[in-house]
Amino acid sequence: MKVLVAASDKAELKAFSDRYIKVASGVGPFLSASVTSYAIAEHKPDVVFSVGSAGSFGSLPVGACISFGRVITPDQDLTCYHLSPGATLLPDGKTLREIVLDRNSGYVLSTSGAFATVPREGDAADMEGYGVALSAFLHSIPVFAVKVITDIVGSHVSLPEYGYTLRSLREKLPEKVEEIVKSL
């Protein structure tokens, strides 16, 4: 099985073995969508994973490694076209409010192009999950988002502290991805 793993930077991919197709997408939903689409076209994977870090809105503890059930993008606003908040208008004219990821999980990942400073809809925030998921969705490839919780949104965390937390937790990502791959 060909597994594509996308993360915002190479450091988040260090713990993954060379049996995975690894791509560093850059930060944010636009770069992650673009780079992931290119990688999908080039490598033709059987499954795609968005991996990295996320900030909890309070229900998920720091240190948890979570496979999210759905991903949303609440700051997408096409309400002037009579679409619901967070809806994505697809090329075929249909709309998409959320992308289903792991049917065994009830957790919701909220992706934004801005760093989350206050809790919003969902259980945790990231900046790449929806972009990676949208690329896989448009290519009809199963997709998952596996994130380690590095902080609580709204609490002050210094950049060195965040970096230390991420370095100490990123080893959990390949274990969770492998667990999901074995279940497919």
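The legends below describe close-up views of a predicted model.

View 1. S1 is mostly covered, with five of its five residues buried.

View 2. The side chain of Ser 8 is joined to that of Glu 12 by a polar contact of 2.8 Å. When its neighbours within four places in sequence are left aside, Ser 8 is in contact with Ala 24, Ser 25, Gly 26, Val 27 and Glu 128.

View 3. The structure holds two aromatic pairs. One of them, formed by Phe 16 and Tyr 20, is edge-to-face, with 5.4 Å from centre to centre and 85 degrees between the planes. Phe 16 and Tyr 20 are both buried. The ring of Tyr 20 also has a charge placed over it, as the charged end of Arg 19 sits 4.8 Å from the centre of that ring.

**View 4. The aromatic pair of Phe 49 and Phe 144.** The ring centres of Phe 49 and Phe 144 are 5.2 Å apart and the ring planes lie at 20 degrees, so this pair is stacked. It links distant parts of the chain, with Phe 49 in strand S3 (residues 47–56) and Phe 144 in strand S11 (residues 143–152), 95 residues apart.

**View 5. The salt bridge between Arg 70 and Glu 98.** Six salt bridges are found in a search of the whole structure. In the one shown here, between Arg 70 and Glu 98, the closest N and O atoms are 2.3 Å apart. Arg 70 lies in strand S5 (residues 70–72), while Glu 98 lies in the loop between strand S7 (95–96) and strand S8 (99–100), so the pair ties together parts that are 28 residues apart in sequence. Arg 70 is partly exposed, with a relative accessible area of 30%, and Glu 98 is likewise partly exposed, with a relative accessible area of 27%.

**View 6. The salt bridge between Lys 147 and Asp 126.** The closest N and O atoms of this salt bridge between Lys 147 and Asp 126 are 3.0 Å apart. The pair links distant parts of the chain, Lys 147 being in strand S11 and Asp 126 in strand S10 (residues 124–126), 21 residues apart. Both residues, Lys 147 and Asp 126, are buried.

**View 7. The salt bridge between Lys 176 and Glu 179.** Lys 176 and Glu 179 form a salt bridge in which the closest N and O atoms are 3.8 Å apart. Both residues lie in helix H4 (residues 172–183), where Lys 176 and Glu 179 are three residues apart, about one turn of the helix. Lys 176 has a relative accessibility of 21% and so counts as partly exposed.

Terms used
Residues are numbered from 1 along each chain as its sequence is written. This is a predicted model: local features need pLDDT of at least 70, side-chain atom pairs count only at pLDDT 80 or more; totals for chains, interfaces and linings use all residues. Side-chain values use heavy atoms; hydrogens and water are left out. Rings of Phe, Tyr and Trp (its six-membered ring) pair if their centres lie within 6.5 Å; planes under 30 degrees apart count as stacked, over 60 as edge-to-face and the rest as tilted. Buried means under 20% relative accessible area, exposed over 50%, partly exposed in between (1.4 Å probe, protein chains only). Helices (H or I, at least four residues) and strands (E, at least two) are DSSP runs, numbered from the N terminus. A charge sits over a ring if NZ of Lys or CZ of Arg is within 6 Å of the ring centre and within 35 degrees of the ring normal. A salt bridge is a side-chain nitrogen of Lys or Arg within 4 Å of a carboxyl oxygen of Asp or Glu. A polar contact is a pair of N or O atoms within 3.5 Å; within protein, one must be able to donate a hydrogen and the other to accept it, and residues adjacent in sequence count only if both atoms are side-chain atoms. Contact means heavy atoms within 4.5 Å.
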